[in-house]
Amino acid sequence: ADSATGATAKVRIAVGVDAAYAPFFLAKQEGLFDKAGLDVELTQTEGGPAITNAVVAGVAQLAANSDATIITLMAKSPDLRALAVFQESSQYLKVVWRKGITDVSQIKKMATAPGLMTLAAARYLQSKNIDRASVKFVNASAPDFPALLGNGDVDAYVVFEPWISKGVEQGGTIKESIGDYGMKYVQWIDADQKWLAANSAVAGKIVKVIAEACDIVAKDPQRAADATQKAVKIPAEQTLQNIGQIDFAVRDITGTDVSSAKSTGDFFVQEKLISAAPDLDQQLLKNWYSQNAPK
Amino acid sequence: MTAVAERPVSAVPARRWRFRGVAWTVVTLAAGLAVWTAVAWWYGSALVASPAETLRAGIDLAKDGSLGESVLASTRRILLGWALGVVVGGPIGILMGRVPAIRRLLDPYIEFFRFIPPIAFVTLAIVWFGIGEMSKIVLIFYTSVFIVTINTIAGVLAIEESKLRAAASLGANRWQLLHAVVLPAAIPYIVTGARLAMGNSFLTIVSAEIVAADTGIGAMIWQSRNYGRIDWIFVGIIALGLLGFVCDRLIRIGAGRLLRRYGVKV
Amino acid sequence: MTAVAERPVSAVPARRWRFRGVAWTVVTLAAGLAVWTAVAWWYGSALVASPAETLRAGIDLAKDGSLGESVLASTRRILLGWALGVVVGGPIGILMGRVPAIRRLLDPYIEFFRFIPPIAFVTLAIVWFGIGEMSKIVLIFYTSVFIVTINTIAGVLAIEESKLRAAASLGANRWQLLHAVVLPAAIPYIVTGARLAMGNSFLTIVSAEIVAADTGIGAMIWQSRNYGRIDWIFVGIIALGLLGFVCDRLIRIGAGRLLRRYGVKV
Amino acid sequence: MTSNFDVAMSGDSPPVRDSGIVLEDVGIGFGAFQAVSGIDLEIAEGEFICLLGPSGCGKSTVLMALAGFVAPNHGRIWLGGREVASPSPDCGVVFQNSDALFDWLTVRQNVAFGPRMRSVAQARQREIVDEYLGLVGLRHAAGRYPSQLSGGMRQRVQIARVLANEPRVVLMDEPFGALDAQTREVMQQELDRIWRAHRSTVLFVTHDIDEAILLADRVVVMTAGPSARVKSSYEVDLPRPRQESSAGFAELRSRLRADISEEVRISLRAQGIDPERAAA
Amino acid sequence: MTSNFDVAMSGDSPPVRDSGIVLEDVGIGFGAFQAVSGIDLEIAEGEFICLLGPSGCGKSTVLMALAGFVAPNHGRIWLGGREVASPSPDCGVVFQNSDALFDWLTVRQNVAFGPRMRSVAQARQREIVDEYLGLVGLRHAAGRYPSQLSGGMRQRVQIARVLANEPRVVLMDEPFGALDAQTREVMQQELDRIWRAHRSTVLFVTHDIDEAILLADRVVVMTAGPSARVKSSYEVDLPRPRQESSAGFAELRSRLRADISEEVRISLRAQGIDPERAAA
Ligand SMILES: Nc1ncnc2c1ncn2[C@@H]1O[C@H](COP(=O)(O)OP(=O)(O)OP(=O)(O)O)[C@@H](O)[C@H]1O
Ligand SMILES: Nc1ncnc2c1ncn2[C@@H]1O[C@H](COP(=O)(O)OP(=O)(O)OP(=O)(O)O)[C@@H](O)[C@H]1O
Ligand SMILES: [Mg+2]
Ligand SMILES: [Mg+2]
């Protein structure tokens with residue numbers, strides 16, 4: 001990309017399809033990017049690592065993913081950079097127990113999906129002083145969690161909506177949210193550093209627009225829910241319910257973020273899911289937002 | 001002496017079967033719906049959407065136009081990828097069946113790549129072919145071409161030697177042998193290959209539409225899965241099934257009419 | 001007069017081809033590796049693992065035993081699901097090909113379900129068959145059975161009428177006709193169907209192993225995708241490709257030897 | 001030689017016409033094309049009929065209908081007192097085309113097919129097969145597959161396969177067409193011998209007039225198609241075994257010759273060939 | 001009748017032996033089975049040879065080798081001065097089995113196949129096809145597909161298809177085997193006429209001794225297999241067109257008969273059949 005034409009060149013942002021991306025859908029729907037003179041297109045992906053993979057593959061310039069996902073991908077893609085936080089939550093993920101489980105010590109099997117949910121499950125056990133080795137993690141994708149729970153194939157899981165309420169439909173009970181055991185997750189906006197180097201001004205403008213959108217989402221969830229329904233058909237009431245539990249706000253990545261990211265990285269290394277922790281000091285750009293966002 | 005059994009070995013399809021056929025179809029359909037309803041009732045709407053729920057969801061999606069759009073988009077992708085698979089796979093199969101050098105060259109690749117799930121190539125496909133239609137069509141092509149090729153090779157190998165011999169001694173050169181004898185003789189196999197490939201094209205639509213597909217039945221199924229709309233998943237499933245059914249019927253009717261003299265029986 | 005061309009129409013495979021064949025395979029392989037290396041170099045290791053990286057990752061995974069375990073687990077699932085598909089699909093195909101009532105009954109279902117991606121049934125499979133091996137095998141069975149069935153039907157429809165007539169007038173009853181004439185005559189088609197079904201079994205392994213598979217190549221590819229382990233994905237891809245290659249060779253050699261008299265040419 | 005039907009056939013029961021074959025105003029068509037029509041023919045049980053007629057007139061078609069493979073679109077066919085509706089092991093068929101052999105079975109297994117279907121004991125199967133393979137001179141080729149046989153050998157396998165099943169009615173469509181004159185003679189004599197022993201009903205299509213006179217109780221000549229019908233019918237009253245040199249043979253031959261000749265001329269002329277020019 | 005070879009063949013050029021067919025100590029085997037061996041045969045260009053021999057002796061096998069379809073495992077075959085290595089349009093083949101017809105083409109299109117391969121103009125193709133279909137009496141069936149034909153009609157389509165290509169060498173494997181006597185006679189006369197006009201080299205396999213004498217310059221008799229070879233060879237010095245009643249015909253017939261008879265007896269005895277019992 002060329003910085004001279006950067007202002008008008010099309011920028012693709014890879015997103016997933018769930019309520020967490022409400023600010024992006026809203027910004028697109030309400031024409032906020034256009035108003036800022038930006039040519040932005042949203043690329044829907046299957047979600048999970050595919051979002052950031054779109055950046056790695058070069059088909060999108062920016063992506064938005066949870067910290068856990070980005071950290072695992074950074075290990076193999078040293079050019080990946082995280083620019084800013086745009087949401088965080090200690091409420092969005094909740095622990096669900098299956099019917100019949102009365103005590104945390106009865107949990108012998110947990111459903112996990114690669115990335116964030118594996119981390120959340122491990123942290124949950126850690127907080128309850130349960131030996132990680134004594135619990136079997138059953139790998140699955142989130143949509144299958146409720147079925148597993150209803151079948152009795154797993155005893156618990158940590159997940160986001162709608163799989164929490166679907167779990168309840170299958171006889172489960174909500175025990176606590178991740179905040180209750182001192183965990184939170186953040187979602188970052190990330191980019192490839194080669195593109196970023198030449199387009200930091202555009203990137204700054206875009207993140208700024210997302211910041212505006214985040215504010216709108218926080219203040220007027222209904223607008224966000226409507227935009228989301230229009231974009232990806234998620235029913236507005238579902239989005240409304242979900243985004244109430246998420247704090248949308250764009251902010252700089254801080255030293256605290258870096259150190260918690262490091263412990264996340266260590267966890268994945270421990271679990272032998274990645275070979276070596278990424279160079280997070282290098283790849284998480286502290287204070288990038290305040291330096292690059294137009295005033 | 002001669003046992004008076006139901007039908008001779010070569011039963012001339014009697015007229016009355018036509019009407020019985022319709023009745024059968026109705027009975028079959030009704031039975032299917034009954035089983036579906038029972039299953040849905042047993043497992044509840046969190047796991048299985050009932051026919052009624054599916055119908056309602058289908059009507060909703062049809063009303064806002066997104067169902068039609070999805071069907072259209074997916075059909076386009078499937079048909080293009082599939083057609084490409086047939087158009088490429090048929091000739092390659094014929095060449096591989098007849099020309100040992102080409103067979104030796106391509107066989108290891110085909111026998112390697114045809115076992116690799118398209119999902120493994122999703123990333124590469126978007127890198128190479130972009131996030132537009134192209135990458136989706138290529139992925140669908142990928143799962144159909146091998147089936148057509150292998151069935152065509154089988155067809156070529158099954159050609160009676162005497163036909164090839166006759167053609168050669170009537171003056172057909174290698175190229176003429178291919179298009180005037182080998183191709184027509186292999187057509188029933190190519191048609192079967194194409195029908196099977198159509199199936200695979202459908203199976204791949206979800207993988208293909210996972211990336212950057214805001215429309216399409218595959219994308220719809222995947223997204224609905226992600227936000228737990230079982231009823232929409234079922235609308236997608238039914239749409240794929242019916243669409244496939246219709247496509248297959250069209251191939252069968254078309255091939256049965258146009259290619260009948262090549263011995264196509266469907 | 002007679003043109004002295006390269007080979008007669010029925011070339012007796014000459015001995016020297018054996019050795020040339022090996023040379024060809026080596027050249028073919030080398031070319032493939034070269035292309036792969038070039039692609040890996042061009043796109044970088046975040047998108048394409050190079051042969052060297054893949055080899056290294058493969059050795060690592062082999063050393064800690066997880067590769068072997070995965071290959072074993074997946075092979076078991078694939079072979080069981082596939083074998084089930086052949087064992088069920090063959091007879092169903094034969095019955096559908098010969099008995100109009102059964103054809104009318106099953107055809108709409110086959111022509112509907114064979115177009116629905118297995119991923120849509122992952123949840124149902126878990127609910128019905130649990131998270132153990134069964135649900136995985138069933139999903140693999142699901143994508144292989146239709147292919148075998150349809151190819152078998154094609155085979156049954158291609159049987160020369162005179163053979164059926166001869167058998168009937170030699171006293172074969174309906175059941176004997178099926179197993180003594182229709183089955184043997186359809187074997188080449190069943191074998192082709194089985195080979196294609198093997199391909200589909202492999203394509204489905206990722207969908208099948210998405211849920212609750214600690215080991216397995218499909219699970220490995222899926223997991224690695226989530227953690228950006230391109231090198232492991234490539235180990236999985238290569239493992240699937242090679243495994244498929246070997247399985248296909250075994251089918252071909254086995255069928256070529258044991259079923260040669262049924263006209264199987266591979 | 002033993003036969004499953006020996007008991008039934010023992011005693012000199014006279015041929016009972018109404019338990020033989022009866023074709024009543026039979027027409028057989030393929031789509032719009034009416035191959036034969038208005039065929040009336042009665043064959044007594046135990047009678048040996050030879051069917052002659054110009055190439056393409058409909059001889060095979062009639063055979064296929066008798067065997068229950070195709071349904072006539074007009075009239076009715078009775079065989080053994082019952083209307084023909086499907087193939088039966090009582091009615092063996094030697095097809096004109098030898099692709100009716102089972103390619104995946106050896107010659108031995110092909111011949112054993114009928115007995116195997118009737119679950120005859122292995123040892124007895126072996127006996128039967130050896131006997132009939134000997135009859136057609138193919139013991140030495142018992143282990144070969146049909147694709148490894150010459151045209152004449154394939155035809156002989158078919159003959160052995162049908163005879164090994166000892167059917168009460170035998171339909172043979174030019175069974176000796178691909179045999180050299182000498183082997184043919186031997187086969188004719190064998191068939192005559194078997195027939196005299198078993199008295200099965202035989203309908204034998206041939207193009208060889210001498211062969212017809214040699215074998216038949218009655219020679220039936222068909223007209224040229226389309227809509228072929230029975231033109232004439234000749235009782236052959238010569239004592240068996242017959243010789244070409246026997247009295248009456250030559251006379252019958254020339255009558256038949258003239259008869260068929262006329263039919264072929266009509267058919268050739270209809271096809272735009274001038275038989276006189278050709279004969280010149 | 002016109003021919004592509006008219007120019008080349010005009011003038012009474014004497015048959016040049018070294019531009020005809022030469023088989024030099026030819027052996028042909030199938031795996032362990034040696035069908036024929038030690039075959040030495042020279043056929044002059046323009047010569048009409050009939051090949052006789054017991055069923056299964058190896059006649060078709062020799063034809064397939066001459067046509068370049070199978071390679072001999074011993075000896076060499078020259079055709080027109082070049083060693084045979086592959087099929088050629090100069091060498092037309094009528095197969096014994098009629099599955100060599102193209103099932104997806106009509107009778108007309110089957111016959112037009114050769115001219116079409118040579119890119120003969122459409123109008124000329126039509127002429128050629130009409131001519132040869134008339135020759136074999138199949139104009140009325142021009143639009144049918146092979147599966148809609150009788151056995152004899154299929155054989156005639158094959159004959160027309162090969163002749164329409166006007167090859168310099170014609171190999172025919174029992175081409176008239178499925179024809180009724182009368183049609184067969186007409187075909188024989190037509191073939192004789194065409195051959196006299198074109199003087200192509202013909203190798204004609206038949207089981208009919210009369211047919212052989214009627215048509216051939218020379219009749220070659222093969223021994224019974226395995227390892228069949230040429231037993232004897234008879235020049236036929238009768239003037240053409242020949243008649244069965246012509247002088248010398250009967251004598252040659254009885255000599256050939258005796259000769260083949262001996263061979264068949266040997267072959268039958270080898271197969272465990274007593275030809276004397278059968279002849280009795
Ligand atoms: N399946 C078919 N469809 C259309 N026409 C057919 C079919 N089978 C046979 N015919 C026609 O029916 C007529 C009679 O055929 P059939 O085989 O009975 O003759 P045939 O007397 O046995 O002759 P041949 O002596 O040559 O074997 C022929 O004109 C043939 O073309
Ligand atoms: N593909 C083959 N494999 C093995 N043996 C074969 C094969 N083809 C032919 N034979 C054998 O070779 C011998 C000669 O066969 P061929 O077909 O040449 O005989 P033929 O003289 O043409 O007989 P017919 O007059 O019966 O047609 C036979 O014994 C036959 O069994
Ligand atoms: Mg016939
Ligand atoms: Mg032969």
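**Sheet, metal site and chain contacts**

Biologist: In what order do the six strands of the open sheet in chain D run?
Modeller: In this predicted model, the six strands form an open sheet with mixed pairing. Strands S6 (91–94) and S10 (230–235) of chain D stand at its edges, each with a single partner strand, so one side of each has no neighbour in the sheet. From one strand to the next the twist averages 15°. The order in chain D is S6-S7-S8-S3-S9-S10.

Biologist: Which residue is the bridge partner of D:Cys91 in S7(D)?
Modeller: Strands of a sheet pair through backbone hydrogen bonds, either parallel or antiparallel. S6(D) and S7 (residues 169–173) of chain D pair in the parallel sense, over four bridges. The partner of D:Cys91 in S7(D) is D:Val169.

Biologist: Which protein donors does the magnesium ion (ligand 3) have?
Modeller: The donors lie 1.9 to 2.1 Å from the ion. They link distant parts of the chain, 36 residues apart: one is in helix H2 (residues 59–66) of chain D, the other in the loop between S6 and helix H3 (107–111) of chain D. The donors are D:Ser60 (OG) and D:Gln96 (OE1).

Biologist: Is D:Gln96 exposed or partly exposed?
Modeller: The relative accessibility of D:Gln96 is 24%. Buried requires under 20% and exposed over 50%, so a value of 24% makes D:Gln96 partly exposed.

Biologist: Which chains share the most contacts?
Modeller: Chain A does not touch chain D, their nearest C-alpha atoms being 49 Å apart. No contact joins chain A and chain E either. Of the eight pairs of chains in contact, the pair sharing the most contacts is chains B and C.

How values were computed. Residues numbered from 1 in each chain as written. Chains lettered and ligands numbered in written order. Predicted model: local features only at pLDDT ≥ 70, side-chain atom pairs only at ≥ 80, totals over all residues. Heavy atoms only, no water. Contact = heavy atoms within 4.5 Å. Pairing = 2+ DSSP bridges. Helix = DSSP H or I, 4+ residues; strand = E, 2+ residues; numbered from the N terminus. Axes fitted to C-alpha atoms, helices over the stretch in contact; angles between N-to-C directions. Donors = N, O, S within 2.8 Å, 3.2 Å for Na, K, Ca; no water. Buried < 20%, exposed > 50% of the residue type's maximum accessible area, 1.4 Å probe, protein only.
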